[in-house]
Amino acid sequence: MIIIINNHNNNNKNNNNITAFKNGGCTTVLSLLSPPFFSSPPIDVLACIPLIIVKLQYFFGSNLAGKMSERTLDYFLSPSRMKKRDAAEVKWSHAVNSRSRLQEAVTGHTHMIEADIIMKGHDPKEPIMAHPPDTDSDITLQEWLEGVKAHNVGIKLDFKSLEAVSPSVALLEEVLADPSRPVWINADIVSGPGGRARPLEHQAFLSAVTTLPTHTVLSLGWTTGWTAGTDNPGYSWDMVRVMEEICRNLKYPVTFPVRAALLAQSFSQLTWLLQQSDRYSLTVWTSQSDTITLQDLVPYRKHIDISRIYYDLPDCQRTELSLTLADNHLQ
């Protein structure tokens, strides 16, 4: 949306009343500084900006604010942990699927802890922390949640099978009673660029998580692949439209995990996706086998609210990204 307030004659404030709105390819001209929007006599344009915003929200909806409604950043916002609502400052620990990795994560400088959940491959069947092809672990989900409770960290639980979702949701409700703690629930539910893995059936997955509090963040992604030395396709219009249709009526904030190596060829599609709701954000991730050009992330940083794009990257790449953004005056 483009908003232009024209001032044709500084000596006549009555001429300050034409505002043009460009939305979806259509341009509408409204006289916002005249009744019924403003009372006489006319008021200075700058003084009216808060009221103008209210009127714009009336016409176009609250999405104008551009803020994601989830509370992840607010949880960490403090002089000692995070000084501004910048999602790039969130630090991640990955694949925290063992007792030793959990201890390392909760005693370090991590904000968000990511772990994978499967059902144990033998009796007693219960959710455990492991990534396929592993079928066993030295820590169950219940033990893992108990280990997290005493620490001010957020959690991201990545589900690899539908079988593990319902029993895990029951444990989450029982163990994590703190309503302010960030809890993200992740699953790939749509086939994406180069994806060979079968996505989880989205209706079954969403049905299984509907008992979670509405501030829970659903991290809903695409199955993807990347091959060195070839032209890898990005996220197509069909892919993002299918995802938006699935998420449109959800009552939860949604973050879309997107593969960093595919972002250069997906800018138009992903920015369009974010424009559909202020409940949406992006979470950039990468695989160890991927080759990424951090300069490809600069347009996203430049054009997307910094509170709406997370960077779930290894520490070395996070450091390089900070330098790249600083070189482009985007820090």
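Contact here means heavy atoms within 4.5 Å of each other. The structure is a predicted model, in which local features need pLDDT of at least 70 and side-chain atom pairs count only at pLDDT 80 or more, while totals for chains, interfaces and linings use all residues. Residues are numbered from 1 along each chain as its sequence is written, and side-chain values use heavy atoms, with hydrogens and water left out.

The chain has 10 helices and 12 strands, taken as DSSP runs (H or I over at least four residues for helices, E over at least two for strands) and numbered from the N terminus. Among contacts with a separation of 6 or more, 67% join residues 24 or more positions apart.

Helix packing comes next. Two packed helices are described by the angle between their axes and the distance between the axes. Axes are lines fitted to C-alpha atoms, for helices over the stretch in contact, and angles run from 0 to 180 degrees between N-to-C directions.

Helix α7 (residues 237-247) and helix α8 (residues 267-275) have axes that come within 9 Å and cross at roughly 15 degrees. On the α7 side the contact is made by Trp237, Val240, Arg241 and Glu244, and on the α8 side by Ser268, Gln269, Leu270, Trp272 and Leu273. By class, this contact of α7 with α8 has five nonpolar, two polar and two charged residues (Ala, Val, Leu, Ile, Met, Phe, Trp, Tyr, Cys and Pro count as nonpolar, Asp, Glu, Lys and Arg as charged, and the others, Gly among them, as polar). Gln269, in helix α8, is buried, with a relative accessible area of 12%. Beyond its neighbours within four places in sequence, Gln269 is in contact with Tyr235, Ser236, Trp237 and Val240.

With helix α6 (residues 202-209), the axes come within 9 Å and cross at roughly 20 degrees, and the crossing is right-handed. Val165, Ser166 and Val169 of α5 meet Phe205, Ala208 and Val209 of α6; by class, that contact has five nonpolar, one polar and no charged residues. With helix α4 (residues 141-148), α5 packs at an angle of about 30 degrees, the axes being 10 Å apart. That makes α4 roughly parallel to α5. Leu141, Gln142, Leu145 and Glu146 of α4 make the contact with Ser168, Leu171, Leu172, Glu174 and Val175 of α5.

Ser168, in helix α5, is buried, with a relative accessible area of 0%. Apart from residues up to four places away in sequence, Ser168 touches Ile117, Pro127, Leu141 and Phe159. Ser168 and Ile118 are 50 residues apart in sequence and 9.5 Å apart in space, C-alpha to C-alpha.

Key
Buried means under 20% relative accessible area, exposed over 50%, partly exposed in between (1.4 Å probe, protein chains only). A crossing is left-handed if the near helix is turned anticlockwise from the far one by less than a right angle, and right-handed if clockwise. Angles under 35 degrees count as roughly parallel, over 145 as roughly antiparallel, 65 to 115 as roughly perpendicular and the rest as oblique.
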